[in-house]
Amino acid sequence: APCQLLCYSEFTLFSYKDSYTINEAHTIELFTGLRKDLQKLSLGTYFAQAAETMSQEDLPNPELQSLFLNCLYALDKLDKPELLVKSVFEFRSASLAGYICGSQAPAYFDISGGALLCEKCRGATTGIRMPITAAILEAMRYITYCDSKKLFSFEIGREALVQLSSITEAYLTTQLERGFSTLDFYKSLLI
C-alpha cells in the first residue's frame with residue numbers, strides 16, 4: 001500500500017554501496033477518493049508529474065511537497081472544484097519556483113515573462129499576454145502570498161475561475177518549457 005500511486009508514505013531505507021533497499025514503510029495518507037474518480041486521479045497525476053519536474057534530486061522542497069499534498073487533500077476530502085485546485089497548484093508552484101513578478105495597475109499577465117502589465121507597457125513587451133480582471137488579480141495575489149493552510153479559503157466566480165485556470169496552466173507550462181501528457185489526459189476527460 002505505501003507504494004501506490006498518489007500515496008503519501010514514510011519509508012525506512014537501507015543504503016548499501018550505491019543502492020537503497022526499503023526496510024519498512026507505512027502509509028500516512030492513501031487519498032482513496034482520488035482512485036474512485038478518473039478526472040481527479042488524472043489531475044492528481046498531473047500534479048505529481050509537474051512537481052517531479054520542479055524538484056531536484058537529493059534537495060528537499062518542503063513547500064512544494066506541502067502544496068502537492070494540500071492539493072491532493074483538497075481534491076479528495078474537501079471536494080473543492082477541480083479548476084480551483086488546478087489553478088492553485090499551478091500558480092503557487094510557479095511562485096515557489098521563483099517565476100512570479102508584478103506591476104501596480106495590471107490589466108494583462110505576461111505568460112512568458114511572468115509579469116503583470118499595465119495598459120501602457122502592454123505593447124512594450126513581446127510574448128503571450130492574457131487579459132486579467134480584478135477578481136483574477138486578487139485570486140493570483142491570494143494564491144501567491146497566503147498562508148499555505150489557507151490556500152483554498154477563497155471563492156471566485158465560474159467564468160473567472162475558467163480564465164484563471166487557462167492563465168495558470170499556460171504560465172506553468174511556459175515556464176517549465178514542456179507539456180504534460182497527464183494534463184492532456186485530464187483535459188480529454190472534460191470533453
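The largest pocket holds about 580 Å³ of space. A pocket here is an open set of points on a 1 Å grid over the protein atoms alone, with protein on both sides within 12 Å along at least five of seven lines; its volume is the space filled by probe spheres set on the points, which are joined across faces, edges and corners. This is a predicted model, so to speak of local features takes a pLDDT of at least 70, side-chain atom pairs count only at pLDDT 80 or more, and totals for chains, interfaces and linings use all residues. Residues are numbered from 1 along each chain as its sequence is written, and side-chain values use heavy atoms, with hydrogens and water left out.

The lining (residues with an atom within 4 Å of a point) takes in 19 residues, and Cys7, Tyr8, Gln65, Phe68 and Leu69 sit nearest the pocket centre. Helices are DSSP runs of H or I with at least four residues, strands are E runs of at least two, and both are numbered from the N terminus.

As for the whole fold, the protein chain has seven helices and five strands. Some 41% of the 191 residues count as buried, meaning under 20% relative accessible area with a 1.4 Å probe, protein chains only.

Methods
1 Å grid on protein atoms, 1.4 Å probe; cavity = no way out; pocket = protein on both sides within 12 Å on 5 of 7 lines; lining within 4 Å. Buried < 20%, exposed > 50% of the residue type's maximum accessible area, 1.4 Å probe, protein only.
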